[in-house]
Amino acid sequence: MERIRESKLNPEKELKRNLCVHHEEKLLLFCKEDRKVICWLCERSQEHHGHHTFPTEEVVKECQEKLQAALERLRKEQQKAEKLEADIREERTSWKYQIQTERQRIWTEFDQLRNILDSEEQRELQELEGEEKRVLDSLAEAEAELAQQNQLVKELISDLEHRRKWSTVDLLQDMSGIMKWSEIWTLKKPKTVSKRLKSVFHAPDLSTMLRTYRELTHVQCHWVDITLNPINLNLSLVLSEDQRKVMSVPIWPVKYTNYGILGSQYFSSGKHYWEIDVSKKTAWILGVYCRTRFRNIKFGVRQGTVHQNAYSRYRPQCGYWVIGLQNKFEYKAFEETSTSHPRVLTISMAVPPRRVGVFLDYDAGIVSFFNVTNHGSLIYKFSKCCFSHTAYPYFNPWNCPGPIILCPPTTFLNLLSP
């Protein structure tokens, strides 16, 4: 601006600036090699012999076009930066609202159990505040980074706009490299911040149930969407179209105990959880199956065989880590033994489970069963399981009416989603 004002105040001085200092001829040519504005006599001199020269009008036009293109691109980048900043501010507001809603819900539930759950309330709030701080800090960092980038692009734009007002000589002889930097500068988008709560607290009715329920919510974080595998399906079993429901429909003159059915998903590492609705069943077997060296075990037993033998294969030696229901009220677990006869344990159940949760920790060798109906109380736990091959979810509706239904994780995951 000072140079422009000076040129207006001193037109004669500006005219001299457009004349060659050596020959006092007009500066109408641009030397590409020396990046200087020269006159026609300079072009013929030894100093510029063999150099590439172009009319200044052409070079100025090309330079202005590049300058304009750079400005337009940087303005678009600025718009992106401003939009991302606005999005992050909106995310911050939404996240704070979500945190406040969750905090209020926790307060309400703890108010109902204040006399016995004070310590638990503080623990939950501290965890929630930690989650809030973690996400808000990440969002603040992203916002600060965008603000810094936005400031930089503003400075670049300002610098380029300033150069547009320079004289032809100054513009063509500019060696600052600002054009190159402006052409390659690109907005760096911030990392996506997960706004999913790690866990959502639900207070049970009694304080004694809280520790049990905490374990259930912990394993439910590993909930996987399981479907039933229709391959090699027993002809006495009927599978629903969505492959989430199976029931026994005996149709043969010679009846067999149901072979059961595996899940379509299989696991060779990690932690996995799924739930089964057994509310309409009077008998079932659920758990995990893993192929073992006992391949000579026959999975079908004709009616009339000793009833105990029908259960003899459901033991860890044969690759089954399962529990079952017989005769409406008899809950069994089949433990590993050194003999050929299974060790069947009777499980006492205060509340009959209408919904059973199965948790597999493949690496730790653990299979646990939870009574979801009774606030997630532990039904039974297999420890030190030796999985030599891939493990599959196992389901057996047995020879009684009513379906086994696999529960999708939709309801639980919705609680964790923002």
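This is a predicted model: local features need pLDDT of at least 70, side-chain atom pairs count only at pLDDT 80 or more; totals for chains, interfaces and linings use all residues.
Figure 1. The structure holds 13 aromatic pairs. The rings of Tyr266 and Tyr392 have their centres 5.7 Å apart and their planes at 45°, so this pair is tilted. Tyr266 lies in the loop between β6 (261–262) and β7, while Tyr392 belongs to strand β15 (residues 391–396), so the pair ties together parts that are 126 residues apart in sequence.

**Figure 2. Further aromatic residues.** Tyr380 and Phe382 make an aromatic pair of the edge-to-face kind, with 4.9 Å from centre to centre and 75° between the planes. Tyr380 is buried, and Phe382 is buried as well. One aromatic cluster is formed by Tyr289, Tyr314, Tyr320, Tyr394 and Trp398.

**Figure 3. The open sheet of seven strands.** The strands of this sheet follow the order β4-β5-β16-β7-β12-β13-β14, and their pairing is antiparallel. At the edges stand β4 (237–239) and β14 (377–382), each of which has a single partner strand, so one side of each is left without a neighbour in the sheet. When direction is ignored, neighbouring strands of this sheet are turned by 20° against each other on average. Helix α8 (residues 210–220) packs on the sheet, where the helix touches β7 (271–277), β12, β13 and β14, and the direction of α8 makes about 110° with that of β7.

Figure 4. Strand β12 is mostly covered, since six of its seven residues are buried. The pairing of β7 with β12 is antiparallel and extends over seven bridges; within β12, Asp361 is the residue that stands opposite Lys271. Strand β12 (residues 355–361) also pairs with strand β13 (residues 366–371), again in the antiparallel sense, over six bridges. In β13, Asn371 is the bridge partner of Val356, and Ile366 is the bridge partner of Asp361. The strands β12 and β13 form a hairpin with four residues between them, and in the turn Gly365 has a positive phi of about 70°.

**Figure 5. The nonpolar cores and the surroundings of Phe387.** The largest nonpolar core has 36 residues, and those with the most contacts inside this core are Trp274, Ile276, Trp284, Val367, Phe387 and Phe395. Strand β8 (residues 284–290) contributes the largest share of this core, namely four residues. When residues up to four places away in sequence are not counted, Phe387 touches Val288, Cys290, Trp321, Leu360, Asp361, Tyr362, Gly365, Ile366 and Val367.

Figure 6. Strands β8 and β9 pair in the antiparallel sense over six bridges, and in β9 the bridge partner of Tyr289 is Tyr320. Strand β9 is also joined by four bridges to strand β10 (residues 330–335), with the two running antiparallel; here the bridge partner of Gly324 is Lys332 in β10. Between β9 and β10, which form a hairpin, there are three residues, and Asn327 in the turn has a positive phi of about 50°.

**Figure 7. Ser248 and the backbone of Trp398.** Ser248 has its place in strand β5 (residues 245–248). At 8% relative accessibility, Ser248 counts as buried, because the cut-off for a buried residue is under 20%. A polar atom of the Ser248 side chain lies 3.4 Å from the backbone oxygen of Trp398.

Terms used: Residues are numbered from 1 along each chain as its sequence is written. Side-chain values use heavy atoms; hydrogens and water are left out. Two strands pair if DSSP finds at least two bridges between them. Axes are lines fitted to C-alpha atoms, for helices over the stretch in contact, and angles run from 0 to 180 degrees between N-to-C directions. Contact means heavy atoms within 4.5 Å. Rings of Phe, Tyr and Trp (its six-membered ring) pair if their centres lie within 6.5 Å; planes under 30 degrees apart count as stacked, over 60 as edge-to-face and the rest as tilted. Buried means under 20% relative accessible area, exposed over 50%, partly exposed in between (1.4 Å probe, protein chains only). A nonpolar core is a set of buried Ala, Val, Leu, Ile, Met, Phe, Trp, Tyr and Cys residues joined through side-chain atoms within 4.5 Å. A polar contact is a pair of N or O atoms within 3.5 Å; within protein, one must be able to donate a hydrogen and the other to accept it, and residues adjacent in sequence count only if both atoms are side-chain atoms.
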